[in-house]
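Me: Got a model to go through. Can you walk me along it, starting with the term we'll need?
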Amino acid sequence: MFANVGWGEILVLIVVGLVVLGPERLPGAIRWTSDALRQTRDYLSNASSQLRDEIGPDFDELRQPLSELQKLRGMTPRAALTKHLFDGDDSLFGMFDTPPGAPGAPGIQSAEAPTASPSAQTPDGQPPYDSDAT
């Protein structure tokens with residue numbers, strides 16, 4: 001759930017907390033939030049272990065379809081092609097990862113890059129600005 005929260009977002013939350021709660025109440029709010037999250041995590045882990053104990057071996061049978069759904073959720077078109085057509089060998093897709101014209105990129109490389117005609121540039125080397133095109 002919180003796997004996508006980075007340091008930038010955490011810093012924004014702290015600054016917003018400082019503005020809303022003030023420096024006096026912010027440490028208490030952080031402490032309360034961390035205790036609540038820890039208690040929730042403990043409740044959930046205890047509930048899953050209790051279910052595992054009560055259901056027994058059938059619990060693994062219930063989890064198997066859920067794990068298959070999780071695998072399908074992460075299946076992108078590229079992963080599906082790699083898995084089913086190429087038996088997991090994704091070396092073919094390496095040529096599509098680098099942009100054309102980059103050093104080491106496969107494909108046809110021309111010895112001379114195309115340049116604009118000198119009349120299409122202003123004297124300082126900048127392309128002309130067309131106000132009608134914007």
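This is a predicted model: local features need pLDDT of at least 70, side-chain atom pairs count only at pLDDT 80 or more; totals for chains, interfaces and linings use all residues.

Me: How many salt bridges does the structure hold?
Reply: The structure holds 1 salt bridge. The side chains of R38 and D35 form it, at 3.0 Å from N to O.

Me: Where do R38 and D35 sit relative to each other?
Reply: Both are in helix 1, 3 residues apart, so about one helical turn separates them.

Me: Switching topic. At what angle do helix 1 and helix 2 cross?
Reply: Roughly 120 degrees. The axes of helix 1 (residues 7-55) and helix 2 (residues 58-73) come within 7 Å. Angles of 65 to 115 degrees count as roughly perpendicular, and this pair is therefore oblique.

Me: Which residues make that contact?
Reply: Helix 1 gives S48, L51, R52 and I55. Helix 2 gives D58, F59, L62 and R63.

Me: Now the surface. Which residues make the nonpolar patch?
Reply: L11, V12, V15, V16, V19 and V20 make a patch of about 580 Å². One of them, V12, lies in helix 1.

Notes
Residues are numbered from 1 along each chain as its sequence is written. Side-chain values use heavy atoms; hydrogens and water are left out. Axes are lines fitted to C-alpha atoms, for helices over the stretch in contact, and angles run from 0 to 180 degrees between N-to-C directions. Helices (H or I, at least four residues) and strands (E, at least two) are DSSP runs, numbered from the N terminus. Angles under 35 degrees count as roughly parallel, over 145 as roughly antiparallel, 65 to 115 as roughly perpendicular and the rest as oblique. Contact means heavy atoms within 4.5 Å. Patches are made of residues with over 30% relative accessible area and no salt bridge: like charges are joined within 9 Å, nonpolar side chains (Val, Leu, Ile, Met, Phe, Trp, Tyr) within 5 Å. Accessible areas come from the Shrake-Rupley method with a 1.4 Å probe; for residues, only the protein chains shown count as cover. A salt bridge is a side-chain nitrogen of Lys or Arg within 4 Å of a carboxyl oxygen of Asp or Glu.
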